[in-house]
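Please take a moment with the sequence and the 3D structure shown here before reading on. The paragraphs that follow go through one chain step by step and then turn to the place where that chain meets its neighbour.

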Amino acid sequence: MAHGTADDFDARILPHLDDAYTLARHVLGDEHDAQDAVQDAALRAFRHFAGFRGDNARAWFLSIVRNCCLTLRQGRAVDRATVPFGEQHLAIVRDDDRADAAAIAHSDRALVTQALAEMPVEFREVLVLREVQGLSYAEIAEIVGVPAGTVMSRLSRARRRLASKLGVTDKEAS
Amino acid sequence: MQCADCRALLDAYVDHELPEAERAAVREHLAGCAGCSRELSDVERASSLAKEHLVHYRAPDVLKARISSAIAGERSVSASAPQVTRRRARWWPLAAAGVLIALASGGLTYALTGQRGASHGVADEVLASHIRSLMPGHLTDVQSTNEHNVKPWFDGRVDLSPKVPDLDSAGFPLVGGRLDYIDGRVVAAVVYARRQHLINVESWPEHGPDEDPQTTNARGYHLVYWRSDNVEYWAVSDVEPGELTRFVEEYRK
């Protein structure tokens, strides 16, 4: 099978949109931002797919998704820093998300979600890539662009934060 | 093995990422160390809680529609002018839209007979707006699947609040609304989805006799124009022409 054709793109990249959206959603914390980042990433992947020679299309695509998320985050940070007043952004009306509401009602889930949201983004992304996507340290290292040892230490600190968050609450509850 | 060394490796141990020699050393230390064993159960618990509670989301259909529409646009561009898109990779959103708009303008087959619809410039602008809306972040200014959120949002922003019928049961869920600039004025764009495709409906006040829907197409996109009650409408999409016709019938009901 030749690499990098348009049909290949549909077969090798598009099946990973759920993973891409999951990563973006957890990293950005906002469904609309996550959609923008994934669309941006899909178009970039499409444009560069002809030059892709690797075997792991999922890791390659997720690394692009991650970069698009970080770019979008930086843009948001600049927006917040330089646009102090006025109606700079048009209103977004959010529909009730029953799945989210049901999830929040469950206390462990709420705590895990909250603990994740409070983590620095470099902990958050490795935790999601490992626990939700089930990727190996080598794959995560490729996506994030750090050595596997760094993946391990970030994952370790992310889990300890999670453990202490839930451990503290257990004591309060008893 | 010291406790500090063991603890540094516990996550890799849990994840089965250790070479067998190190794995055996950790296992041996754990067998004789209650402190590290407690630490191990914390790591396992955190890991299983994360696995259980962190959501693996499904990409929304609207996102898939945006991506497949945008990639269809890319394909039609790159089929005609691959070098242009590559050279302008850093300017890709505007470049891609610009190239596609230029190609579309050259290739539009104007089958419209109506007085207003024969205006080439408006059809070009409607198509350009549709293509621009497919770029990341440009689809909607107000995103909602509920017409009671979308319709009031337009109040005070455009001359005429557009029709926003609920067509979900007909298979055309509402995506949201947006402001566009067409024919020298700010107009309302209402966005619907059809499976993995998007439909934009642009409308604005325009005096004149009612005109029945008329269809034209360019570059894989279809446009339907009609006028009723002194409002001009344009529906544009890459869905099958039959689907777009059915959409227009539902929208006009």
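The expected span of a helix is 1.5 Å times one less than its number of residues. With that in mind, and remembering throughout that this is a predicted model, one can begin with helix 2 of chain B, residues 20-31, which has 12 residues and reaches 16 Å from its first C-alpha to its last, close to the 16 Å expected. Helix 2 of chain B is hardly covered, since the count of buried residues among its 12 residues is 1.

Chain B contains 9 helices and 7 strands, and of its 253 residues 40% count as buried. Among the contacts in chain B that link residues at least 6 apart in sequence, 58% join residues at least 24 apart.

The strands come next. In chain B, 7 strands form an open sheet in the order 1-2-3-4-7-6-5, and the pairing is antiparallel. Strand 1 and strand 5 (211-218) of chain B stand at the edges with a single partner strand each, so one side of each is left without a neighbour in the sheet.

Strand 1 and strand 2 of chain B pair in the antiparallel sense over 2 bridges, and Val142(B) has Gly177(B) in strand 2 as its bridge partner. Of the 9 residues of strand 2 of chain B, 7 are buried, so this strand is largely enclosed by the rest of the structure. Strand 2 of chain B is joined to strand 3 of chain B by 8 bridges, the two running antiparallel, and within this pairing Asp180(B) stands opposite Val187(B) in strand 3. These two strands form a hairpin with 2 residues between them, and Asp183(B) in the turn has a positive phi of about 55 degrees.

A further hairpin, again with 2 residues between its strands, is formed by strand 3 and strand 4 of chain B, where Arg195(B) in the turn has a positive phi of about 50 degrees. Here 7 bridges join strand 3 (residues 185-194) to strand 4, which run antiparallel; in strand 4 of chain B, Leu198(B) is the bridge partner of Ala193(B), while Ile199(B) is the bridge partner of Tyr192(B). Strand 4 (residues 197-205) of chain B is mostly covered, with 7 of its 9 residues buried. Strand 4 of chain B is also joined by 7 bridges to strand 7 (residues 231-237) of chain B, and these two run antiparallel; Ile199(B) stands opposite Ser237(B) in strand 7 of chain B.

Helices accompany this sheet. Helix 9 (residues 241-252) of chain B lies across strand 3, strand 4, strand 5, strand 6 (221-228) and strand 7 of chain B, running at about 25 degrees to strand 6 of chain B.

What remains is the meeting of the two chains, where 38 residues of chain B are in contact with 39 residues of chain A. On the side of chain B that touches chain A, the elements that give two or more residues are helix 1 (3-14), helix 3 (34-53), helix 4 (61-80), strand 1 (142-143) and helix 8 (147-154) of chain B. Helix 3 of chain B gives the most to this side, with 9 residues, and the residues of this side of chain B divide into 18 nonpolar, 9 polar and 11 charged.

Conventions:
Residues numbered from 1 in each chain as written. Chains lettered and ligands numbered in written order. Predicted model: local features only at pLDDT ≥ 70, side-chain atom pairs only at ≥ 80, totals over all residues. Helix = DSSP H or I, 4+ residues; strand = E, 2+ residues; numbered from the N terminus. Buried ≥ 20, exposed ≤ 12 C-beta atoms within 10 Å, placed from the backbone. Contact = placed C-beta atoms within 7 Å. Nonpolar A, V, L, I, M, F, W, Y, C, P; charged D, E, K, R; others polar. Pairing = 2+ DSSP bridges. Axes fitted to C-alpha atoms, helices over the stretch in contact; angles between N-to-C directions.
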